[in-house]
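Have the picture ready as you read.

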Amino acid sequence: MKFVVRLHAEITIKSASVRKRHGKVLTNNLRKILAPIHPSIYVKWLWDRIEVAADTDSNDARDAIREALRHTPGISWFAEVIEQPLTTFDDIADLVGEHWNKRLQGKSFAVRVKRQGKHEFNSQQLERYIGGYLLKHSENSRVQLTRPDEEVQLQITNQVVHLIGERIDGLGGFPIPTQETVLSLLSGGFDSGVASYEFIRRGARTHFCFFNLGGDAHEVAVRQIAYFLWKKYSSSHPIKFISVDFAPIVDDILTNVDNGQMGVVLKRQMLRAAARVAHYVKAQALVTGEAIGQVSSQTLSNLRIIDQATPALVLRPLITKDKQEIVDEAKKIGTEPLAKSIPEYCGVISNKPTVKAVPEVIEAEESKLNQDLLEQVVRASNVLSMQDIAEQTENELKMPDTTAELNKQSVIIDIRNDDEIEAAPLNVNAEVIEIPFFKLATKFPELDQSHDYLLYCDQGIMSRMQALLLHENGFTNVSVYKPD
């Protein structure tokens with residue numbers, strides 16, 4: 001099988017040297033990403049396109065290649081190339097019709113033929129013949145040479161016909177890491193996941209910084225989102241996940257800071273900590289998911305004062321987005337099911353939060369804080385590479401047994417959120433209790449430990465993570481329920 005890959009339009013209009021660099025980077029990224037799919041896969045850079053080929057007809061390999069090409073930054077579109085020996089116009093027309101007749105119904109189209117080598121016909125003759133064939137066999141179709149709905153592309157190379165199949169859109173953007181490195185402040189909600197994706201798509205190596213306010217269960221959930229974003233969109237390069245225990249900072253703020261100023265002070269402390277982490281990973285900017293006016297700390301006045309806490313560049317790709325736009329984008333990229341399962345962990349809640357902070361007031365409140373504490377929590381950060389998390393997901397997370405079999409003694413714990421349970425109730429011949437994953441660590445010790453428990457979630461990943469967490473805390477009577 002063979003695929004043709006086209007670079008994003010913004011790359012093709014750059015200078016020859018920049019275009020070449022982006023093309024070479026994308027080619028190398030695809031080699032890394034596609035290599036595990038099949039040993040015969042090769043990727044070749046041909047200036048105006050990239051060719052991906054594999055010496056196999058496996059549908060699993062074909063689907064895996066398509067999935068990887070759809071989610072690799074820098075690709076405008078790609079299509080599978082169908083090849084057959086050059087014989088007669090009728091044979092070529094049958095090949096084209098097999099793949100295009102149904103798709104052209106009710107649409108305008110144009111046939112484009114390019115040839116290399118010597119032939120007894122010219123390109124226009126074959127274009128007219130194929131066009132006539134398609135008009136006859138595709139109901140309500142019409143030829144339109146300028147801006148057609150569909151283009152049927154044929155390449156004749158000596159004695160081989162290459163038919164370009166259906167175009168599949170890629171992500172666009174730039175290959176990683178053609179842009180400089182950034183550090184994304186990942187909370188696990190809709191906003192920060194989408195903001196991270198935006199910079200991944202634009203070719204920036206995006207590390208993740210997580211400020212833990214909700215304990216181990218919270219970190220496990222956010223780590224899953226980071227792993228998902230890396231695995232799906234940026235696995236060509238190593239990425240770090242840095243977890244900072246921010247509970248001591250929150251306690252310090254709650255004890256010493258005026259109630260109305262707490263939110264702004266917390267955000268300033270987070271930026272100061274993130275700037276220190278960014279220096280460690282050599283990131284040139286911080287990325288947040290903040291949108292103007294979404295909460296009290298995100299007014300322009302407050303954001304200006306928050307940014308003054310550090311000289312680091314702070315980038316907010318979602319600043320003008322509505323919440324629904326952000327949620328819709330989270331659905332599109334695949335983080336929405338994960339993000340909606342994570343509750344808001346608000347370590348600092350002001351009764352009457354300021355919407356227009358005064359610099360002198362904020363500085364006076366911050367002077368009451370432990371000036372050494374921030375450096376201490378950053379130095380104590382837990383640093384994991386995405387490869388570390390990948391190994392945990394692929395290896396350690398297999399530790400809890402997984403079963404599809406139930407018996408009379410089976411007790412299933414459904415760890416999904418209420419919306420997921422309502423949308424797809426779990427109907428099984430066994431006792432089912434419902435405990436959201438973020439309450440499992442505290443609720444599980446209260447259960448009757450003479451029973452064996454099976455954890456259930458839609459995708460199975462969170463169940464394995466939570467089972468592993470319980471194993472690490474000494475509970476061995478836990479496994480994972482995964483229906484057939």
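Start with two helices that touch: Val-264, Val-265, Arg-268 and Arg-272 in H9 meet Ile-362, Glu-363 and Glu-366 in H13. Keep in mind that this is a predicted model. Sorted by class, the residues of this contact are 3 nonpolar, no polar and 4 charged.

How do we describe such a pair? Two packed helices are described by the angle between their axes and the distance between the axes. Here the axes of H9 (residues 262-281) and H13 (residues 359-366) come within 10 Å and cross at roughly 70°. That angle makes H9 roughly perpendicular to H13, because angles of 65 to 115 degrees are counted that way.

**The sheet**

Now turn to the strands. An open sheet is built from 6 strands in the order S14-S13-S10-S11-S12-S15, with mixed pairing. Which strands stand at the edges? They are S14 (314-315) and S15 (382-385); each has a single partner strand, so one side of each is left without a neighbour in the sheet.

Helix H9 packs on this sheet too, touching S10 (179-185), S11, S12, S13 (285-287), S14 and S15. The direction of H9 makes about 140° with that of S10.

Within the sheet, S11 (residues 204-212) and S12 (residues 240-245) run parallel and are joined by 5 bridges. Look for Phe-211, which stands opposite Val-244 in S12.

**Empty spaces**

Rolling a probe the size of a water molecule over the atoms shows where empty space is left. A search of the whole structure finds 1 cavity of 30 Å³ or more. Its lining consists of Ile-176, Ile-200, Ala-204, Arg-205, Thr-206, Ser-234, His-237 and Ile-239. S11 gives the largest share of that lining, 3 residues.

The second largest pocket is lined by 20 residues, and the closest to its centre are Arg-6, Arg-49, Lys-114, Gln-155 and Ile-164. Strands S1 (2-7), S4 (75-85), S5 (108-116), S7 (150-157) and S8 (160-164) each supply at least two residues of the lining. Which strand gives the most to this pocket's lining? That is S7, with 5 residues.

Here are the two spaces, one per row:

| Space | Volume | Lining by class |
|---|---|---|
| Largest cavity | about 30 Å³ | 4 nonpolar, 3 polar, 1 charged residues |
| Second largest pocket | about 510 Å³ | 6 nonpolar, 5 polar, 9 charged residues |

How values were computed. Residues are numbered from 1 along each chain as its sequence is written. This is a predicted model: local features need pLDDT of at least 70, side-chain atom pairs count only at pLDDT 80 or more; totals for chains, interfaces and linings use all residues. Side-chain values use heavy atoms; hydrogens and water are left out. On a 1 Å grid over the protein atoms alone, a cavity is a set of points where a 1.4 Å probe fits but cannot get out, and a pocket is an open set with protein on both sides within 12 Å along at least five of seven lines; lining residues have an atom within 4 Å of a point. Grid points are joined across faces, edges and corners, and a volume is the space filled by probe spheres set on the points. Helices (H or I, at least four residues) and strands (E, at least two) are DSSP runs, numbered from the N terminus. Ala, Val, Leu, Ile, Met, Phe, Trp, Tyr, Cys and Pro count as nonpolar, Asp, Glu, Lys and Arg as charged, and the others, Gly among them, as polar. Two strands pair if DSSP finds at least two bridges between them. Contact means heavy atoms within 4.5 Å. Axes are lines fitted to C-alpha atoms, for helices over the stretch in contact, and angles run from 0 to 180 degrees between N-to-C directions. Angles under 35 degrees count as roughly parallel, over 145 as roughly antiparallel, 65 to 115 as roughly perpendicular and the rest as oblique.
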